[in-house]
Amino acid sequence: MTIVRIPAGWPVTEEQARAVQDELRERVVLDEPGPPPGTGRVTGVDVAYDDERDVVVAAAVVLDAATLDVVAEATAVGRVSFPYVPGLLAFREIPTVLAALEALPCPPGLVVCDGYGRAHPRRFGLASHLGVLTGLPTIGVAKNPFTFSYEEPGARRGSASPLLAGTEEVGRAVRTQDGIKPVFVSVGHRVDLGNACAHTLALTPKYRLPESTRRADSLCRRALRQATS
């Protein structure tokens, strides 16, 4: 388990954090399709907090994209690096998530975040932030639509509908299991939206959430219990 320090010069105010978002957002790549679904490796990242103890734990779990078997995993423990501010949650998580990715013994391939990419008020959620900093293809698969609107997709697995900010499509609501609430998919970096949705379906053969997210969530919760016991 890697122990993480908050980087020197890390933003400490909302104004500083928004300035960083404005700068890095210009580097997001939206015109690449990304790796083909079901090929190579897919890595899920997730975090767990203990705010009372000022601890955040990140987990990265690498899956074989074809079989969804676990190839490698790593965790990192750090201090919470930013206060809770909606729209700026990446600044609480990024240093520890980066450390978990760096601790992996193999390249992560596509990175799937439990959160948002373009589906973010400033069009720069965790998936985009992480993608720009690492250069990796990234997508966000969130449990709720944040502040955006959508029409219910069809009831069958694979149905989808636009996730909208006004008339702008910032992502898609995707039904990953018949009759179950959709997930909300958005582009992070170096992947197009159609491929992001296809990856999401490839990662959800049995459950609503991607296997990458389920495995990373379980690992980071277990690591948080160990770190705070």
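# Reading a buried helix, a mixed sheet and a pocket

Q: Which residues of α3 are buried?
A: The buried residues of α3 are Leu 126, Ala 127, Ser 128, His 129, Leu 130, Gly 131 and Val 132. Buried means under 20% relative accessible area, exposed means over 50%, and partly exposed lies in between, with a 1.4 Å probe and protein chains only. Helices (H or I, at least four residues) and strands (E, at least two) are DSSP runs, numbered from the N terminus. This is a predicted model, in which local features need pLDDT of at least 70 and side-chain atom pairs count only at pLDDT 80 or more, while totals for chains, interfaces and linings use all residues. Residues are numbered from 1 along each chain as its sequence is written, and side-chain values use heavy atoms, with hydrogens and water left out.

Q: Why is helix α3 described as largely enclosed by the rest of the structure?
A: Seven of the nine residues of helix α3 (residues 126–134) are buried, so the helix is largely enclosed. The cover over these buried residues includes α1, β2, α2, β5, β6 and β9 (183–189), where contact means heavy atoms within 4.5 Å. Just after α3, Gly 135 has a positive phi of about 80 degrees.

Q: What does Gln 21 touch?
A: Gln 21 belongs to helix α1 (residues 14–25) and is buried, with a relative accessible area of 1%. Leaving out residues up to four places away in sequence, Gln 21 touches Gly 87, Leu 88, Phe 91, His 120, Arg 122 and Phe 124.

Q: In what order do the nine strands form the sheet?
A: Two strands pair if DSSP finds at least two bridges between them. Here the order is β1-β4-β3-β2-β5-β6-β9-β8-β7, in an open sheet with mixed pairing. The edge strands, β1 (2–4) and β7, each pair on one side only. Direction ignored, neighbouring strands are turned by 30 degrees against each other on average. Such angles lie between axes, which are lines fitted to C-alpha atoms (for helices over the stretch in contact), and run from 0 to 180 degrees between N-to-C directions.

Q: Which strands of the sheet show the mixed pairing?
A: Strands β5 (residues 110–113) and β6 (residues 138–142) run parallel and are joined by three bridges; Val 112 stands opposite Ile 139 in β6. Strands β7 (residues 160–165) and β8 (residues 168–174) run antiparallel, with six bridges, and Pro 162 has Arg 172 in β8 as its bridge partner. Two residues lie between the strands of this hairpin, where Gly 166 takes a positive phi near 65 degrees.

Q: Where does α2 lie?
A: Helix α2 lies across β1, β2, β3 (55–64), β4 (70–78) and β5, at about 45 degrees to β3.

Q: What lines the largest pocket?
A: On a 1 Å grid over the protein atoms alone, a pocket is an open set of points with protein on both sides within 12 Å along at least five of seven lines; in a cavity a 1.4 Å probe fits but cannot get out, and lining residues have an atom within 4 Å of a point. Grid points are joined across faces, edges and corners, and a volume is the space filled by probe spheres set on them. The largest pocket has a volume of about 690 Å³. Its lining has 31 residues, and the closest to its centre are Leu 89, Glu 93, Asp 114, Gly 115 and Tyr 116. The largest share of the lining, five residues, comes from β2.
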